[in-house]
Amino acid sequence: MLFVPDKRFLHIAAITAELLEREGVKGLVLDIDYTLADRHAPLPDDEIRTFIASLKKAEIRLYVLSNNYHNRVSRFAEALDLPYRSNGLKPLPLAFSTAVKTMELPKERVVAVGDQIYTDVVGGHLAGLRVWMVSPYGGGGRSLFYRLRRRLEMPFIRACPVEGGEKRP
């Protein structure tokens with residue numbers, strides 16, 4: 001279903017190299033804001049650096065795709081030594097497809113990971129990818145717009161049970 005993630009996790013670190021191997025996943029298309037970091041964090045924290053390093057060690061190909069502006073995305077992705085695209089125009093599928101081509105993997109082996117239904121989940125599905133959703137890093141936004149959008153997303157979020165159920169490591 002277009003609006004329902006294929007899997008849902010409480011935290012990005014629950015997506016381990018072992019899980020990816022079991023699922024036959026060789027590449028991840030990763031969102032930044034509220035997926036890998038709080039929206040206002042200019043650089044990845046140590047937990048995310050460790051997470052990314054563990055996936056790289058397992059030879060998982062990674063690509064950062066964000067709707068945020070270039071300076072934000074480039075600084076963050078370059079700090080992790082990852083390819084990226086800013087101003088991705090999600091949920092349009094073109095940037096997701098470009099990410100898959102850049103990783104040189106069949107789309108069946110790639111999963112999009114994000115925190116939002118209307119951009120990450122819909123965009124990934126429109127591109128023909130599996131999509132895994134994570135709870136917002138840092139608790140999510142405090143703005144009225146964010147809270148309203150999250151309320152509209154809740155029926156779709158609840159349609160996909162949480163994998164593992166564990167809290168942040």
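**Sheet and cores in a predicted model**

Q: In this predicted model, what makes β2 and β3 a pair?
A: Strand β2 (residues 27-30) and strand β3 (residues 61-65) share 4 bridges in the parallel sense. Pairing takes at least two bridges by DSSP, so β2 and β3 count as paired. Within this pair, glycine 27 stands opposite arginine 61 in β3.

Q: What is the strand order of the open sheet?
A: The 6 strands run β1-β6-β5-β2-β3-β4, with parallel pairing.

Q: Why are β1 and β4 called edge strands?
A: β1 (7-9) and β4 (84-85) each have a single partner strand, so one side of each lacks a neighbour in the sheet.

Q: Which strands does helix α5 lie across?
A: Helix α5 (residues 117-126) lies across β5 (110-114) and β6 (130-134). Its angle to β6 is about 160°.

Q: Which residues touch the most other members of the largest nonpolar core?
A: Ile12, Ile15, Leu28, Val113 and Trp132 do, in a core of 30 residues. At least two residues each come from α1 (17-23), β2, α2 (46-57), β3, α3 (70-79), β5 and β6. The most come from α2, which gives 4 residues.

Q: What does valine 113 contact, leaving aside its neighbours within four places in sequence?
A: Its contacts are Ile12, Ile15, Leu28, Val29, Leu30, Asp31, Thr35, Trp132 and Val134. Contact means heavy atoms within 4.5 Å, so each of these residues has a heavy atom within that distance of valine 113.

Q: Which residues does the second core include?
A: Val100, Met103, Val110 and Ile157 are among its 18 residues, and this core is separate.

Key. Residues are numbered from 1 along each chain as its sequence is written. This is a predicted model: local features need pLDDT of at least 70, side-chain atom pairs count only at pLDDT 80 or more; totals for chains, interfaces and linings use all residues. Side-chain values use heavy atoms; hydrogens and water are left out. Axes are lines fitted to C-alpha atoms, for helices over the stretch in contact, and angles run from 0 to 180 degrees between N-to-C directions. A nonpolar core is a set of buried Ala, Val, Leu, Ile, Met, Phe, Trp, Tyr and Cys residues joined through side-chain atoms within 4.5 Å. Buried means under 20% relative accessible area, exposed over 50%, partly exposed in between (1.4 Å probe, protein chains only).
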